Amino acid sequence: MKSRSTLATWLSELDGSRLGRVLAMRKDAASSPEPRSVGELADRLQRPGSVALALPHLTLPCLQVSEALAALGARASRDSLAELLGSTSSAAVHALDATLEALSDWALVWPDGDEALRMPMPLRQAWSTPLGLDAPLEELLSGATSEELRGMLAILGVKPPGTKQQRLAALVEQHSDAERVAALVARAPAVTRKLLEQSARSTPRQSLFVVFGAPDPDLQPGARWALDRGLLVQDRHRYGPVRMPAEVALALRGADWHAPFDPLPPVTQLGPVTPSEVEREAAVAATAFAAHAASVLSACATAPPTRLKSGGIGARELARLGKTAQADDAVVRIVLETAYAAGLLGRDGDRMPPTEEYDSWAEQEPAEQFTVLLRAWRDLPLTPTRARDEDNKALPALAGAPDCGGCLQARHGLLAAAAGLPAGQGVKVASELGPLVAWHRPLADDASPEGTAPFGTVIREGELLGVLARGALSPLGAHLAAHADEELSITARRLLPPATTTARIGADLTAVVTGTTSARLAALLDSTADRETSGTASVWRFSAGSIRRALDAGRSPDDITADLAAASTTALPQPLTYLIADTARSHGRVRVAPAACVIHGDEPALLAELAAHRALAKLALRQLAPTVLVSGSPPATALAALRAAGYAPVAETAGGTVRIEKRLPQRAAAVPPPRRNVGRRGPRTTATRASDMPADAGMDVLADRLLKAPPTAPEPDPFGSGVPFATDTEEIVAGYAKHLSYSDVRQVAHAIDTGAAITVEYIATSGNRTVRTLSDLELDPPYLEAWCHLREAERVFTLSRIHGVMPA
């Protein structure tokens with residue numbers, strides 16, 4: 001591959017609009033300060049991190065072409081790529097050119113001359129075995145000696161050049177000709193031909209065990225003939241099977257074999273749909289979601305959901321919120337996750353109450369409320385409605401799981417797939433969008449349950465939010481995909497009706513509100529009635545208990561009647577006015593006053609004197625009867641204050657008898673031995689024995705003793721073993737894994753720091769107890785990311801759920 005200046009030269013030759021398109025698509029290039037030159041920009045675009053950020057955004061044909069280029073290596077050209085992909089027809093050539101154009105927009109492929117194609121080395125290294133091929137011959141024979149190369153050329157009948165580099169180039173040229181390789185293999189022994197044919201079709205396995213000396217002399221039958229001619233190569237420094245160069249494998253696969261290339265998206269069954277139908281269905285879905293979102297967050301404001309000890313909102317709280325808001329579990333999960341991402345919910349200890357931002361959000365119109373949550377959904381690094389993990393265990397909401405870039409790409413792939421449908425057409429079945437999502441984002445993560453349609457979960461989310469309607473992309477989804485936030489707000493205001501500020505109050509003591517209830521009306525009805533249903537039509541019911549609740553909050557009967565009359569579309573029905581009047585008539589007939597103690601006597605004049613005494617003002621005395629006073633202070637405080645003021649009160653028991661105040665002398669049960677050297681371990685040093693210091697010792701002697709004293713021992717661990725934490729990892733693990741002993745904490749910390757494997761006893765969210773062997777541990781408090789040998793996949797474990805540790 002040529003130097004990086006090749007990319008810099010290509011970038012410098014682009015016009016301004018094309019270079020701007022490269023910068024716009026490669027947003028990772030602008031994550032650091034603005035590049036000062038094209039060369040600096042080219043250097044950034046070839047960094048491994050830049051390639052890693054670009055790959056998830058590529059479509060299937062872009063990934064297929066990139067893999068084919070990686071397999072061709074440095075000898076890749078436009079013609080060799082087309083031949084490898086089998087793109088010989090005019091339509092296929094046009095599709096290949098469009099794919100190369102898309103890759104060049106990402107600065108992943110660029111032309112070098114008329115025919116050569118170049119790619120950054122990190123993109124080549126993204127595939128360990130592209131197309132199931134091993135490394136090129138030049139790379140595999142880089143460690144061979146000049147004499148070994150001479151011998152291979154001599155057996156092939158080629159006159160060896162003078163230098164090692166020339167000999168290697170001659171051998172590469174010999175094996176790059178498919179016809180020569182086929183003719184050579186045709187003359188090989190039968191056992192060798194069979195071995196070569198098997199190696200050409202299988203994925204190479206590379207050994208990772210480096211040894212010194214010659215490799216294992218036991219070779220497969222027929223391998224020596226191929227090794228002598230460079231058709232197979234064996235690494236002299238590694239044990240393992242022989243390896244076949246990429247040029248040889250391609251030649252043996254034959255001219256009829258082509259790398260996969262799918263330039264066109266999968267064919268789906270489409271049906272006609274008008275823009276008005278799409279808008280109408282999208283408006284219904286968006287309005288319903290906005291109403292449910294307001295109800296769910298209102299329920300969170302009234303009674304904030306409680307978090308599980310392991311983190312997140314559990315099934316019980318999700319069911320409570322869904323019942324209160326009359327919403328499905330999927331809607332509740334979307335609302336919680338998007339509201340948390342938008343800053344409308346926050347953590348406060350073990351609860352998730354709304355933030356101050358929620359108050360201003362609740363005062364907005366439904367369209368503004370909806371767009372805030374919709375933009376948050378677009379950028380969520382997870383799938384909010386995913387309710388089960390790979391083991392079919394229930395997942396909490398707002399669990400703080402690690403970011404999932406593949407989940408984000410699944411959502412963006414859905415928007416891209418729906419945007420690519422023909423105008424006026426929509427899929428007949430929404431699940432048929434799944435293969436299109438996989439074509440647009442092959443590296444996306446599918447969170448759909450096993451056995452269901454691919455990407456069915458994210459498709460269902462799009463329908464609930466009104467992004468998809470009638471199998472097509474709605475105007476809301478189109479603006480969302482284009483990141484046109486201003487146009488999205490305008491369209492949402494056009495499709496979503498404004499908040500309803502009035503209710504229809506019936507004689508059956510119900511209040512019905514159609515559409516999204518305004519915050520002011522919802523607060524009024526919540527304070528005077530009980531909500532029964534929520535959604536596109538919400539219902540409240542008045543009762544004596546609900547009216548009494550409003551009266552207890554300080555509202556007067558006239559205020560309640562006036563506010564409800566102002567919010568009603570018709571005059572208040574007579575049953576409701578009678579209910580308010582009857583409840584107010586009996587309200588407050590019995591009063592309950594707080595009192596910590598009661599002061600009473602037989603002389604009304606004396607009690608009146610106590611109530612007016614300035615020295616007793618701090619008791620807050622209140623006269624309930626001529627001979628009864630109450631105070632908010634406890635009895636002991638009232639007795640002390642009265643005696644300090646010159647009175648002689650006595651205390652009573654709960655039964656009304658005089659309480660005898662008899663003071664018993666306090667005595668210690670036993671005299672403990674004197675504590676010496678508290679908080680220190682080991683024998684006392686000379687500096688700690690103050691009794692050894694002479695009485696007339698000066699400050700210089702004391703300072704000399706203190707300087708010679710050993711340092712203070714570190715604080716012991718909180719487990720009571722007296723052993724201090726050895727590393728920061730131990731202290732972090734101990735802070736979260738409360739069920740582990742100190743020895744278990746040390747085992748987990750050692751495995752994290754050294755990469756060793758351990759076996760843990762783990763309690764899943766469902767309560768099931770399992771034993772897992774973990775390796776490649778990474779600490780991300782309060783989680784532990786590791787490779788699970790039971791599931792043979794990466795998993796995230798909660799430290800607080802690890803209850804035991806054993807050696808692997």
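Modeller: The second largest cavity has a volume of about 30 Å³, where a cavity is, on a 1 Å grid over the protein atoms alone, a set of points where a 1.4 Å probe fits but cannot get out, and a volume is the space filled by probe spheres set on the points, which are joined across faces, edges and corners. This is a predicted model, in which local features need pLDDT of at least 70 and side-chain atom pairs count only at pLDDT 80 or more, while totals for chains, interfaces and linings use all residues. Residues are numbered from 1 along each chain as its sequence is written, and side-chain values use heavy atoms, with hydrogens and water left out.

The structure holds two cavities of 30 Å³ or more. The lining of the second largest cavity, meaning residues with an atom within 4 Å of a point, consists of Thr383, Ala410, Asp445, Asp446, Ala447, Ser448, Phe455, Thr457 and Val458. Sorted by class, this lining has four nonpolar, three polar and two charged residues, with Ala, Val, Leu, Ile, Met, Phe, Trp, Tyr, Cys and Pro counted as nonpolar, Asp, Glu, Lys and Arg as charged, and the others, Gly among them, as polar.

The structure also holds one disulfide, a term for a pair of cysteine sulfur atoms within 2.5 Å. The disulfide joins Cys404 to Cys407, with 2.5 Å from S to S, and the link is right-handed, with 80° about the S-S bond. Cys404 counts as buried because its relative accessibility is 15%, and buried means under 20% relative accessible area (1.4 Å probe, protein chains only). Cys407 is likewise buried, at 8%.

Turning to the nonpolar cores, each is a set of buried Ala, Val, Leu, Ile, Met, Phe, Trp, Tyr and Cys residues joined through side-chain atoms within 4.5 Å. The largest nonpolar core has 65 residues, and those with the most contacts inside it are Val65, Leu81, Leu141 and Leu231. Helix H5, residues 60-72, gives the largest share of this core, eight residues; helices are DSSP runs (H or I, at least four residues), numbered from the N terminus. Apart from this core lies another, of 60 residues, among them Ala286, Val332, Val335 and Trp361. Leu141 is in contact (heavy atoms within 4.5 Å) with Leu149, Met152, Leu168, Leu171 and Val233, leaving aside its neighbours within four places in sequence.

Definitions and conventions
On a 1 Å grid over the protein atoms alone, a cavity is a set of points where a 1.4 Å probe fits but cannot get out, and a pocket is an open set with protein on both sides within 12 Å along at least five of seven lines; lining residues have an atom within 4 Å of a point. Buried means under 20% relative accessible area, exposed over 50%, partly exposed in between (1.4 Å probe, protein chains only). Helices (H or I, at least four residues) and strands (E, at least two) are DSSP runs, numbered from the N terminus.
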